[in-house]
Amino acid sequence: MGQIVQGEGRFYIAGDGKDLAEITYRLEEATGNWIVDHTFVSEELRGQGTGEKLVRAVVDKAREARVKIIPECPYAAKQFERHKEYSDVLSGDGSAS
């Protein structure tokens with residue numbers, strides 16, 4: 001698996017001139033929360049825990065920035081359910097509504 005790189009509003013893994021995996025988030029203006037809205041893992045990286053590592057990268061960055069996360073993306077939401085240790089950065093009820 002390649003190196004996780006931080007970009008503008010995303011973390012990603014690149015290879016062969018294309019993104020092999022990424023997780024994207026955007027700022028919710030009203031609250032300052034980050035909305036995680038998309039996770040993608042290519043076929044060649046599936047089954048290696050890549051998506052989980054990307055979610056963890058966003059969680060670590062949110063802790064550092066002292067912001068909360070709204071996991072709008074179903075994959076990210078499932079990771080938050082599975083990893084109770086992420087609850088410190090989970091916004092309210094965890095929904096964007």
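1. Two strands are taken as paired if DSSP finds at least two bridges between them; strands (E, at least two residues) and helices (H or I, at least four) are DSSP runs, numbered from the N terminus. On that basis, strand E2 (residues 10–15) and strand E3 (residues 18–27) pair in the antiparallel sense over six bridges.

2. This is a predicted model, in which local features need pLDDT of at least 70 and side-chain atom pairs count only at pLDDT 80 or more, while totals for chains, interfaces and linings use all residues. Residues are numbered from 1 along each chain as its sequence is written, and side-chain values use heavy atoms, with hydrogens and water left out.

3. Six residues separate E3 and E4 in their hairpin, where Gly 32 in the turn has a positive phi of about 85°.

4. Overall, five strands form an open sheet of mixed pairing, in the order E1-E2-E3-E4-E5. Strands E1 (5–7) and E5 (69–71) stand at the edges with a single partner strand each, so one side of each lacks a neighbour in the sheet.
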